Amino acid sequence: VLTGRGKDTIKDNLEVEPYYTSHDAREPVAFIIQCQDRKLGHATDMGLVTNEIKQKLKNSHVLLVESNHDIEMLDVGPYPWSVKQRIKSTVGHLSNEACGDLLANVSHKNLKQVVLMHLSQTNNHREIARVTALQALGSHRPSLDLAQQDQASPLKEV
């Protein structure tokens with residue numbers, strides 16, 4: 001049973017640590033999952049990347065990160081103004097640029113995989129998200145995948 005408060009240890013020393021995110025949902029959280037010497041950082045449903053979040057995600061071997069929207073596409077897209085404002089707010093979703101800033105801050109030589117998640121089908125384009133992430137990662141190039149909304153991602157070894 002996961003309590004949502006601090007770290008929970010599960011069989012074989014699997015640790016799941018929820019952490020607070022800034023999102024307009026009831027008790028929004030993302031997760032750090034550690035087992036043996038591997039760390040997976042999960043960061044979705046957040047409108048703001050705090051220093052605490054950057055610290056939580058540092059030294060992850062795998063990152064699952066929200067790259068929800070392209071700011072320009074959202075601005076000119078079909079959503080009502082109120083929805084656009086909510087998405088861009090500190091309790092909304094991460095833009096490609098905010099995702100890139102996060103990746104630039106937490107990337108390190110042992111980061112092996114990055115999966116971009118929660119891409120908007122209306123206000124984003126997969127290639128824009130990919131290029132923004134690659135630019136943020138600089139010369140360090142972990143495996144980069146983009147999750148699909150309509151199908152499961154393939155299993156990968158961590």
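Where does S120 lie?

1. S120 lies in the loop between β6 and α5. Helices (H or I, at least four residues) and strands (E, at least two) are DSSP runs, numbered from the N terminus. This is a predicted model: local features need pLDDT of at least 70, side-chain atom pairs count only at pLDDT 80 or more, and totals for chains, interfaces and linings use all residues. Residues are numbered from 1 along each chain as its sequence is written, and side-chain values use heavy atoms, without hydrogens and water.

2. S120 is buried, with a relative accessible area of 11%. Buried means under 20%, exposed over 50%, partly exposed in between (1.4 Å probe, protein chains only). Leaving aside residues up to four places away in sequence, S120 touches N68, Y79 and Q149. Contact means heavy atoms within 4.5 Å.

3. Look next at the strands. Two strands pair if DSSP finds at least two bridges between them. Strands β2 (residues 14-20) and β3 (residues 29-35) run antiparallel, joined by six bridges. Y19 faces A30 in β3. Four bridges join β3 to β4 (residues 38-43), again antiparallel. Here Q34 stands opposite K39.

4. Now the core. A nonpolar core is a set of buried Ala, Val, Leu, Ile, Met, Phe, Trp, Tyr and Cys residues joined through side-chain atoms within 4.5 Å. The largest has 24 residues; Y19, L57, L63, L103, V114 and L116 touch the most other members. Elements that each supply at least two residues include β3, α4 (96-106) and α5 (126-137). A second, separate core of five residues includes L40, V62, L64 and V115.
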